[in-house]
Every structure is written in structure tokens, then in C-alpha cells.
Amino acid sequence: MNVWGQLAVISIIALAAAGGTWWIKGPPARVLACDPATLKPDELCLDQIAAGTDVLWVDARPRSEWEKNGVEGSVLWNLDPAEDAQAFEAEVAVRVAVVSQVIVYCGDENCGVSRQVAGRIRALGMGAGVFVLHGGWRALSEAGRVRNSSPDP
Amino acid sequence: MMASLQAAGLDFPHTLKEIHAPADAKTITADFEFTNLSDKAVRVVKYDAACSCMAVKIKGGKLRYGPGESGLVRADFEMGNFSGTVDKVVSLWLDGDPADKPSVTLTVRVHIPVLVMLEPKTLKWELHGGKDAQRIRITMNDVKPIRVTAISSSSPAFHPELKTIEEGKHYELVITPTEVDSPGLGIFRIETDCVVERHRIQQAFGVVRKPTPAEDAAKP
């Protein structure tokens, strides 16, 4: 068998193995998973937030992303040095007075900004519980909870 | 902390760089060296700082590293109006990394002195409770004196009064609520003569509200 024949056989075997795996185990999971047992102490899964809870959503992403597809009613607080950190602080202070929970989100589970922003909000000592959303905006988007989105099937 | 990382053959002796910046620093730079310890070439597909305040470069713009080759990731962080401790993350995607899972994550931890410290930041009064005055301690953490030049309150429901404990070093802002029968919030603006602009004006808060369930539970 020449080299092209060998390549064809190898490709057929690889495709058959991949197809078999897909058939038996299903397609790869692309939806963000959140296991409460593995959360950090200040994190929440989206489905742990009880319906009807007064929540102040804080978007820790850049302003342009918040404006494009933030959670309806959310406020912005990021660590962009071009922004006015004291204005963020004042806005959150005004809004946090009437809620029991503040939940901060950034882009996805790799983004550490939300934890730093949560720390700054906690340092205000306003009394409300301050948490970081596991999975961040991606989790909200998959659940259809952000502007211009619908839940993933 | 000296965390190291080896990802797809690239070895980073340090993935966390802690930098103590002077209070008036405008920018700081952190370098992360790496070496390809594998026997195959490794390609950096993408790198990103996820913050407009940080510029990331790879030395010489070189993205492909053969076995044994070394390189350097440089992160330039614009300090803006930050103070306290700030973590900034640089992500590197290597060949085959999924879009949402970079295999290299580098952290620049910057400690920026807090020249004007307020403690606590927020005073709380219980709705329909007492109108006792409460205090915010103002401590100047600089070798040169920093004086409070003006104070103001956003709300007539709170009366602020400044007490000098030690000129240029320690002050107390004494706040007395005039109204505790309806929820309210006051923002207190504290102006100083601090030469570093980002520390010059501070703000603190006073709030009249019902205690949260957690605060109720914490009562003796």
C-alpha cells in the first residue's frame, strides 16, 4: 500500500473512532457547568439565586461590553483606570442600600476582576452579602439573562 | 509567592509578580521569562490582558519558540486611580488551547500605598433607632503631612464635623444623623492637600436602613 492508501486507512479509522465516541457519549458539553460543591466561599452558581431575591448585579467588564449586553438594571464597576472609581463606589452605595445581595460578574470563569470588585464592595461595609457569579457573563448569557440574549436550548 | 508553571512545554519560573509601587507611580512594568523545555516547537497563538490598563508584549514580537529557546512577556500596567492591592491577569493561548481556556495565566499583583485611609468607610444607623454620633478615622500614611481641607455631605440628613487629632496625620469625621425615621444615604466628601492627585479626594458613606437578616442574626 502506498503512502496515500495508508493515510486514507488511518483517517477512516480515526473518523470511525470519533464517530463512535460521539454516538456513545454524545457531543462535547459546551454549556458551562457549575457544581456548588466546588465553589469558592464567595462564589454562587446562577441557579442558587432564589427567585424574588433582591439582587444588585454589578458588571465588572469594560464599559463597552456592559452597555452592549449587561444584565438589565445592572451597574458598572470595573478596574479600568480611565473610569471614575469614586463614581462607581457612590452608585453602588446608593443602590446597595435597598438590596440584600450584590452579585458581581465579569467575562467568564477565567476573569479575576469580579473577585477584586467584590472585595471593594465588601470593604464599603454596607451590610448586603457580596458574591461572585461562577462563570460570569457566560453563565448569564447561556441562561438568557443578559440584554439581547435567549436561553441556550 | 513564586508559583511556577509548565504549559505545553513552556516553562514559566514565575507566574505571579508582586510589585510594591510608589504612591505617585504612573506605570509599572512586570516581566515574565519563559523557556521551551520540550523537544517540540511551541507557538503562542494569542495573548490578552483583559484590561485596557495593561499593555502586553512578547519580546521581539516572536511567537514561535523552538526547543530550548527562551522568551519574555512584558506587562506594562497603567496605575490610573488605583490604590491598595490590585491583581491584573495576562492570559496566553498556546497551540490547541480552547478559546475559553488559555493554558498560561500570569498575574501582576501591584501594591499601591493608600495615602489617605478611612476607617470605617461606611457608618450605619438603624431605621427608627438612635441618633448617636459615629466616627470615621482618617489616617494619613505619608512621610509628609496631608491636611484635610474641606468636608461636605450630600444629604442634610447627616451632619459632618471634622476633629483634628494630629494636624497632617490623624483626623476624625464625626457624623450625626438628623433623621433616622426614613431610609437614607449620605456621601461625605473629604478633600485633602495630598500632592498625589488620585488620593486627594476621598469619600465615605452614612446609611440609615433596616438591618439585614445577617446583621439581625449577629445581634447579641
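**A first look at chains A and B**

In chain B, four strands make an open sheet in the order 11-13-16-15, with antiparallel pairing; strands here are DSSP runs (E, at least two residues), helices are DSSP runs too (H or I, at least four), and both are numbered from the N terminus. Two strands count as paired if DSSP finds at least two bridges between them. Please keep in mind that this is a predicted model, where local features need pLDDT of at least 70, side-chain atom pairs count only at pLDDT 80 or more, and totals for chains, interfaces and linings use all residues. Residues are numbered from 1 along each chain as its sequence is written, while chains are lettered from A and ligands numbered from 1 in the order in which they are written.

- Strand 11 (116-119) and strand 15 (158-166) of chain B are the edge strands, each pairing on one side only.
- On average, neighbouring strands of this sheet are turned by 20° against each other, direction ignored (axes are lines fitted to C-alpha atoms, for helices over the stretch in contact, and angles run from 0 to 180 degrees between N-to-C directions).
- Strand 13 (residues 134-140) and strand 16 (residues 170-177) of chain B run antiparallel and are joined by six bridges.
- Arg137(B) has Glu172(B), in strand 16 of chain B, as its bridge partner.

**Domains of chain B, and one residue**

- Chain B is divided into domain 1 (5-112) and domain 2 (116-211), with bounds from an automatic or database domain assignment.
- The C-alpha centres of these two domains of chain B lie 40 Å apart.
- His20(B) lies in strand 3 (residues 16-20) of chain B.
- His20(B) is exposed because it has 11 other C-beta atoms within 10 Å (exposed means 12 or fewer, buried 20 or more, partly exposed in between, with C-beta atoms placed from the backbone).

**The sheet of chain A**

- Five strands of chain A form an open sheet with parallel pairing, in the order 1-5-4-2-3.
- Strand 1 (43-44) and strand 3 (75-76) of chain A stand at the edges with a single partner strand each, so one side of each has no neighbour in the sheet.
- Two bridges join strand 2 (residues 55-59) of chain A to strand 3 of chain A, and Val58(A) has Val75(A) as its bridge partner.

**Where the chains meet**

- The contact takes 29 residues from chain B and 26 residues from chain A; residues are in contact if their C-beta atoms, placed from the backbone, lie within 7 Å.
- Among the elements giving two or more residues to the chain B side are strand 9 (84-94) and helix 2 (213-218) of chain B.

Technical notes:
Contact = placed C-beta atoms within 7 Å.
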